[in-house]
Amino acid sequence: GYYGVPAEHLSRLGWTEPSDGVHDPMQQGTAKSWGGSGFEQLLPTLFAPYGESYLADQHTAHVDAQIAYGQAHLHGHWGVSVCEAPDGEYQEQGIPGLGMRDGVGYDSDGIVTPHVLFLSLAYRPEAAKRELTQLQMEFPEMCQPGYGFTDSVAEGNVSKRVLVLDKTMEYLATYSYLTNGGLWRNIFPLQETNSAGSRADHPVNNPA
């Protein structure tokens, strides 16, 4: 197994051993969560310093899958996750095939939510910043002075509200990115860090 996790447990999550270091973002090798949503996969990384590890590669693969799915199905936009839809309904959204619920995870109704982009800053920062800029340019009504992005957009229809939960993820992800993992280093202030900003004594950086 990897990092103390038995191989059979990883395989049940759809996590497979990387063979050549190359991930096909829409095929096996991308880690699965319950619903295949961005926040399920990426929010825990704000509090767990994976560093340069196999698990970090899995999160990068998820972001790559988000980008690939957006290019194929969402007019090039990306960022699929649980969010408030433009019609005001809070919806479970995920990338089909990247979840375990009913074998596929949540459905995607063509909705993009910015909090996935902020959570992706640690893995594909330039792609995330480009997409945030594109959303701001294409849908200026998404950007509310003093609040930032509203919660979602789908087929040109923009959500009118800002959700505290999603906004909190955006703020924490931005802080973590700008401080090179400062969020978890403040939670665990007594731990030593290496030059890459990862806790060298953390089990995830010391495979058994």
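Me: Which exposed residues does the face of α5 turned away from its buried side carry?
Reply: This is a predicted model. Start with the buried residues of α5: Ala127, Ala128, Glu131, Leu132 and Leu135. They cover an arc of only 135 degrees around the axis, so they sit on the same side of α5. The face turned away from that buried side carries the exposed residues Arg130 and Met137.

Me: Why can residues a few places apart in a helix point the same way?
Reply: Think about the turn of the helix. Residues three or four places apart point the same way because an α-helix has, per turn, 3.6 residues.

Me: How far apart are the end C-alpha atoms of helix α5?
Reply: Helix α5 covers residues 125-138, which is 14 residues. At 1.5 Å a residue, the helix should span 20 Å. The model agrees, because the end C-alpha atoms are apart by 20 Å.

Me: What kind of aromatic pair do Phe118 and Phe149 form?
Reply: The count comes to 1 aromatic pair. Its ring centres, in Phe118 and Phe149, are 6.3 Å apart. Planes over 60 degrees apart count as edge-to-face. The planes here are at 70 degrees, so the pair is edge-to-face.

Me: How many residues apart are Phe118 and Phe149?
Reply: Phe118 lies in helix α4, residues 115-119. Phe149 lies in strand β4, residues 148-149. The pair links distant parts of the chain, and the separation is 31 residues.

Me: Are Phe118 and Phe149 buried or exposed?
Reply: Buried means under 20% relative accessible area. By that cut-off, both Phe118 and Phe149 are buried.

Me: In what order do the elements of the chain run?
Reply: The chain has 7 helices and 6 strands. Read from the N terminus on, the order is α-α-α-β-β-α-α-β-β-β-β-α-α.

Me: What is the mean pLDDT of the chain, and where is the pLDDT below 50?
Reply: The mean pLDDT is 81, and 75% of the residues reach 70 or more. Where pLDDT is low, the predicted coordinates should not be read in detail. The pLDDT is below 50 over residues 18-28, and also over residues 190-208.

Terms used. Residues numbered from 1 in each chain as written. Predicted model: local features only at pLDDT ≥ 70, side-chain atom pairs only at ≥ 80, totals over all residues. Heavy atoms only, no water. Phe/Tyr/Trp six-rings, centres within 6.5 Å; stacked < 30°, edge-to-face > 60°. Helix = DSSP H or I, 4+ residues; strand = E, 2+ residues; numbered from the N terminus. Buried < 20%, exposed > 50% of the residue type's maximum accessible area, 1.4 Å probe, protein only. pLDDT = per-residue confidence, 0-100. Contact = heavy atoms within 4.5 Å. Expected span 1.5 Å × (residues − 1). Arc of directions from axis to C-beta.
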